[in-house]
Amino acid sequence: MHKSAMLRYFETREQIFLTITGQEWREWSSAVCERLQGLTKATPADVAALLAESLMARPLFCDLLVHTPLNLERNVSPGTVREFKILAIEVHGNVVAELRRLFGLERAVAGDVVTVATSMAGALRQMAEPGPRLRELYRTDPELSHAVVDVPPQLKRIIEALIVGLNV
């Protein structure tokens with residue numbers, strides 16, 4: 001499809017990606033809530049593993065999470081940002097509600113867990129999958145190899161520590 005045809009339906013290419021980000025938020029939240037609702041009791045480790053696993057299973061979502069505040073929201077109209085934010089707040093809130101149910105967390109604390117989990121997933125994924133030039137640098141310079149992270153266990157540890165630390 002030619003760019004001019006796409007722009008009949010979307011104001012910018014960023015709006016297309018923001019729309020996809022909204023769909024990813026909805027799908028991720030729905031899948032996570034379904035799994036959390038199946039639990040009557042869980043440990044912070046269980047929930048951290050579930051969140052980390054569910055995020056790593058969605059590489060596109062993780063990539064989009066990084067670009068949303070840096071680029072996508074800045075290159076669309078305020079109305080488009082408002083529409084996206086309403087959706088994101090709603091589905092974020094669904095996961096927050098499940099964390100509150102399981103652990104008795106305050107709303108703000110549960111919100112912090114979800115925000116940190118999604119933010120860290122996006123950031124760590126970028127570090128775990130460097131471009132070809134950086135990958136070659138890390139391969140040829142072993143001192144720098146620590147820059148590539150093993151995301152799932154690291155993300156799980158961060159989320160678990162956050163749940164435990166904030167639930168004191």
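Leaving aside its neighbours within four places in sequence, with which residues is Pro152 in contact? Pro152 is in contact with Ala52 and Met56, where contact means that heavy atoms lie within 4.5 Å. The structure is a predicted model, in which local features need pLDDT of at least 70 and side-chain atom pairs count only at pLDDT 80 or more, while totals for chains, interfaces and linings use all residues. Residues are numbered from 1 along each chain as its sequence is written, and side-chain values use heavy atoms, with hydrogens and water left out.

**The chain as a whole**

- The protein chain has 8 helices and 0 strands, where helices (H or I, at least four residues) and strands (E, at least two) are DSSP runs numbered from the N terminus.
- Read along the sequence, the pattern of the protein chain is therefore written α-α-α-α-α-α-α-α.
- The C-alpha trace of the protein chain spans about 55 × 45 × 25 Å along its principal axes.
- Of the 168 residues in the protein chain, 38% are buried; buried means under 20% relative accessible area, exposed means over 50%, and partly exposed lies in between (1.4 Å probe, protein chains only).
- When contacts between residues at least 6 apart in sequence are considered, 74% of them join residues at least 24 apart.

- The protein chain exposes about 9800 Å², of which carbon and sulfur atoms supply 56%; accessible areas come from the Shrake-Rupley method with a 1.4 Å probe, and for residues only the protein chains shown count as cover.

**Helix H4 and its cover**

- Helix H4 runs over residues 59–70, and within this helix Phe61, Cys62, Leu64, Leu65, Val66 and Thr68 are buried.
- The cover over the buried residues of H4 includes helix H2 (13–37), helix H3 (44–56), helix H5 (78–103) and helix H6 (107–128).

- Although Pro152 and Leu55 are 97 residues apart in sequence, their C-alpha atoms are 8.9 Å apart in space.
- Leu155 also has its place in helix H8, but Leu155 counts as buried because its relative accessibility is 0%.
- Leaving aside neighbours within four places in sequence, Leu155 is in contact with Ala52, Leu55, Met56, Ala117, Met120, Ala121 and Leu124.
- Leu155 and Glu53 are separated by 102 residues in sequence and by 9.0 Å in space, C-alpha to C-alpha.

- Lys156 lies in helix H8 and is partly exposed, because its relative accessible area is 26%.
- The C-alpha atoms of Lys156 and Ala48 are separated by 5.1 Å, while the two residues are 108 residues apart along the chain.
- Once neighbours within four places in sequence are left aside, Lys156 is in contact with Ala45, Ala48, Ala49 and Ala52.
- Ile158 has its place in helix H8, which covers residues 151–166, and Ile158 counts as partly exposed because its relative accessibility is 26%.
- Not counting residues up to four places away in sequence, Ile158 touches Val116, Met120 and Leu124.
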